[in-house]
Amino acid sequence: MARKSLIARERKRERMVAQYAEKRAQLKAEGNWDELDKLPRNSNPIRLHNRCGLTGRPKGYMRKFGLCRVKFREMALDGKIPGVRKASW
């Protein structure tokens, strides 16, 4: 499991991106780059990083499920993810 501080930092970034989304879009449309530079760095959506919803693991993330590969495999084998089965041929 990832450190709680890293998970909290990422959630803080998500809130800040949502808070400044309209203002960023407006400034970009106007081409007002000086004002855009004055916004907080963490309000830029590029700084977001996908993390596992259960463990906070940043690597091996599967967008479709919002989980890392480790938790995805555990849950799929337990039958907790509808429509997912282990392949056999």
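E35 and K38 form a salt bridge in which the closest N and O atoms are 3.6 Å apart. The model is a predicted one, and its salt bridges come to three in number. A positive surface patch is also present, made up of K4, R11, K12 and R15.

- Helix 2 spans residues 33-38 and holds both E35 and K38, which are three residues apart, about one turn of the helix.
- E35 is partly exposed, at a relative accessible area of 36%, whereas K38 is exposed, at 63%.

- E10 pairs with R13 in a salt bridge, with 3.4 Å between the closest N and O atoms.
- These two residues, E10 and R13, lie three residues apart in helix 1, about one turn of the helix.
- Both partners, E10 and R13, are buried; R13 counts as such because its relative accessibility is 17%, and the cut-off for buried is under 20%.
- Beyond its neighbours within four places in sequence, R13 is in contact with N42, R47 and L48.

- K71 and E74 form a salt bridge whose closest N and O atoms are 3.1 Å apart.
- Helix 3 covers residues 69-77, and K71 and E74 are separated there by about one helical turn, being three residues apart.
- K71 is partly exposed at 23% relative accessibility, and E74 is partly exposed at 39%.

**Positive surface patch**
- R15, one of the residues of the patch, is found in helix 1, which runs over residues 4-30.
- R15 is exposed, with a relative accessible area of 55%.

Definitions and conventions
Residues are numbered from 1 along each chain as its sequence is written. This is a predicted model: local features need pLDDT of at least 70, side-chain atom pairs count only at pLDDT 80 or more; totals for chains, interfaces and linings use all residues. Side-chain values use heavy atoms; hydrogens and water are left out. Patches are made of residues with over 30% relative accessible area and no salt bridge: like charges are joined within 9 Å, nonpolar side chains (Val, Leu, Ile, Met, Phe, Trp, Tyr) within 5 Å. Accessible areas come from the Shrake-Rupley method with a 1.4 Å probe; for residues, only the protein chains shown count as cover. A salt bridge is a side-chain nitrogen of Lys or Arg within 4 Å of a carboxyl oxygen of Asp or Glu. Lys and Arg count as positive and Asp and Glu as negative; His and the chain ends are not counted. The place of a charge is taken as NZ of Lys, CZ of Arg, CG of Asp or CD of Glu. Helices (H or I, at least four residues) and strands (E, at least two) are DSSP runs, numbered from the N terminus. Buried means under 20% relative accessible area, exposed over 50%, partly exposed in between (1.4 Å probe, protein chains only). Contact means heavy atoms within 4.5 Å.
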